[in-house]
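Subject: Structure handover

Hello,

Here is the structure we talked about. Please open it alongside this note.

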Amino acid sequence: MSSKLEGTIVSVKGQIATVEMEGDLYPALFEILTNPEDPEVILEVFSQSVSSLYCQILSNPEKLFRGMKVTSTGSDLKVPVGQAVLGRVLDLFGNPRDGKGPIPTNIITSIYSKVPSLNIIKSGFELLETGIKSIDFLTPIQRGSKVGVIGGAGVGKTILLTELIHNITGLPAGKAGKSKNTIAIFAGVGERTREGHELYQRLKATEILPKTVIVLGQMNENAAVRFRVAQAAVAQAEYFRDNLKSDVLIFIDNMFRFVQAGAEVATLMGTIPSEQAYQATLQTEIASFEDRLIPTQSGAITSFQNVYVPADEITDAGVTSVISMLDTSIVLSRSVAQKGLYPPVSMPESSSATLSKAFLGETHFKNLTQFQQLLSNYTQTSHIVAIVGEGELSAENRILYNRTKKIINYLTQPMFMAEEQTGRKGVYVPKETTVKDIEIILSGSLDNIPSEKFMYIGSLNDAKII
């Protein structure tokens, strides 16, 4: 489109500006409009009618007024990418927010991209080791898959996400395996500004920051910015995957805020809502975003997506729409956290697409299947124990109950990112070690050791239990 297309703002409603164009030519969808005298004015074409454009206001709405002239730029929103942005904190527009000065690069790319065609999508059977026992054993993660960390407020989603960044990208060679040179992208979507600052300080202290790009659109930003910032982070990931042939981990905190921002924009646009007052385009918006997070011949994008559950209601339409796109769901439970078990993974509710013998191998699959059977029995037995006590169980049930309790306790773990809060030094446990340790517990050879001894340890060998 020509950059000479001109129009006039006729109304401003929240984060939506209505523009009437002069002439018969209209800018394309997602094209950026600006004011010739004030380039800081940024409007994005969101939809159009016969006579008007409806634009998201991405800049300060206080600068706009009725009758303001705007011109099209002939381009959608672009951000700087490449090696120069590593270790930096950016906003939606690619402006630095870390006080380190301008970003020295001329390489820019659109925050939107077409979904790659099916013939270049490449998937395999490679598992991504995290060093977190409960995840590696219960919900193993496939390279290039989509992983959701799902839970209500205050159950530790952000801590777990930062722990995954640390363990997969930050450990020395030999511990992080094939993923030690992976690039990490962190997208702060509608979360607290304090959390973004704390994340920056944590990554800086653990020397992971030089391998990370942080893109922030926090909760103090308007809905239009929060709605687009996740797209800007994915554009960063796509550049590293396609142009620099890197494997990329993208961490999104929080996908529910992305959905929420879309609902706010839709409300301002006056569209008719759908289920539970969400926008009718909810599934389309999530799908068009998730379809960009894929492995190709060049490299893999593995995504870790925090999903806030409002009022702990996991059947919320926004939550279920995101979950339907995931390969692995790690559900964090408030009731598990109240028992002092961290990470508070809800074992019955969590699931993974990798739970097959082809992915896991004979030993892991056998041990996991055996534990799931014990866990089902443990859940039923727990109700009896709560009423009449453990002493009323049969000898066999008491042994199996305590054996399962040992494994549940063993799957707790000191976190590197929570060392200051807990006073416990973080540990990384290889997946192979976790599987072998659980096999030993399942065998019954440790039945005489109290279950409390298995809490917050690394491997059995490190804890000198074997």
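Predicted model: local features only at pLDDT ≥ 70, side-chain atom pairs only at ≥ 80, totals over all residues.

Numbering starts from 1 along each chain as its sequence is written, and side-chain values use heavy atoms, with hydrogens and water left out.

Helix α6 spans residues 282-290. Helices here are DSSP runs of H or I, at least four residues, and strands are runs of E, at least two, numbered from the N terminus. L282, E285, I286, F289 and E290 of α6 are buried (under 20% relative accessible area, 1.4 Å probe, protein chains only). Seen down the axis, the buried residues of α6 fall within an arc of 125 degrees, so they line one face of the helix. The arc is taken from the directions from the helix axis to the C-beta atoms. Their cover includes α4 (223-242), α5 (255-269) and β16 (301-308).

Next, the helix pair. α4 and α5 pack at about 135 degrees, with axes 8 Å apart. Axes are lines fitted to C-alpha atoms over the stretch in contact, and angles run from 0 to 180 degrees between N-to-C directions. α4 contributes A223, A224, R226, F227, A230 and Q231 to the contact, and α5 contributes F258, A261, G262, E264 and V265 (heavy atoms within 4.5 Å).

Last, T182. It sits in the loop between α2 (157-169) and β13 (183-189). T182 is buried, at 3% relative accessible area. Leaving out residues up to four places away in sequence, T182 touches T169, K211, D247, V248 and L249.

Best wishes

Definitions and conventions. Buried < 20%, exposed > 50% of the residue type's maximum accessible area, 1.4 Å probe, protein only.
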